[in-house]
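Visitor: I would like to learn how to read a few structural features. Please take them one at a time.

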Amino acid sequence: MLKSIIFTLILWIESLAVWIIMAPVMLLDRKKALWLPIVWTKVVRWSMHFVGIKVKVEGLENLPKQSGYIVASKHQSAMETLLFHAIVPNVFYILKQFIRI
């Protein structure tokens, strides 16, 4: 419980600082603006490690190095969406309420 409280406080402080910086950066093109969320998610991942929260990622070795791919996650926590930037390079999100087949 204490780890969770400490991490939440760290996350809010980091997020506030990064998003104050991010506001003007968002006016740049995507490639130039993408570095800040990547740095932010890496800092969040480090913060999780710092307070003892472990993240397990399986199957990264199966991702192609030279082409695109789709990652379909199980959404077991909100952190997976946040950490995609720190784990998977050049992330794009596709959001859909439901998909008809």
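This is a predicted model: local features need pLDDT of at least 70, side-chain atom pairs count only at pLDDT 80 or more; totals for chains, interfaces and linings use all residues.

Guide: Residues are numbered from 1 along each chain as its sequence is written, and side-chain values use heavy atoms, with hydrogens and water left out.

Visitor: How many helices and strands does the chain have?

Guide: Helices (H or I, at least four residues) and strands (E, at least two) are DSSP runs, numbered from the N terminus. The chain has four helices and zero strands, in the order α-α-α-α along the sequence.

Visitor: What share of the residues in the chain is buried?

Guide: Buried means under 20% relative accessible area, exposed over 50%, and partly exposed in between (1.4 Å probe, protein chains only). Of the 101 residues in the chain, 25% are buried.

Visitor: Which residues have the most contacts inside the largest nonpolar core?

Guide: In soluble globular proteins, nonpolar side chains tend to be buried together. A nonpolar core is a set of buried Ala, Val, Leu, Ile, Met, Phe, Trp, Tyr and Cys residues joined through side-chain atoms within 4.5 Å. The largest one here has 13 residues, with Phe7, Leu11, Trp40, Val44 and Met48 making the most contacts inside it. At least two residues of this core come from each of α1, α3 (35-51) and α4 (79-87).

Visitor: What is tryptophan 40 in contact with, leaving aside neighbours within four places in sequence?

Guide: Contact means heavy atoms within 4.5 Å. With those neighbours left out, tryptophan 40 contacts Leu11, Glu14, Ser15, Val18, Trp19 and Leu82.

Visitor: Where does glutamate 14 lie, and how far away is the nearest side chain of opposite charge?

Guide: Lys and Arg count as positive and Asp and Glu as negative, while His and the chain ends are not counted. A salt bridge is a side-chain nitrogen of Lys or Arg within 4 Å of a carboxyl oxygen of Asp or Glu. Glutamate 14 lies in helix α1; this residue is buried yet has no salt bridge, and arginine 45, the nearest side chain of opposite charge, is 12 Å away.

Visitor: Is proline 37 buried or exposed?

Guide: Proline 37, in helix α3, counts as buried because its relative accessible area is 12%. Leaving aside neighbours within four places in sequence, Met22 and His85 are its contacts.

Visitor: Is leucine 9 buried or exposed?

Guide: Leucine 9, in helix α1 (residues 2-25), counts as exposed because its relative accessibility is 54%.
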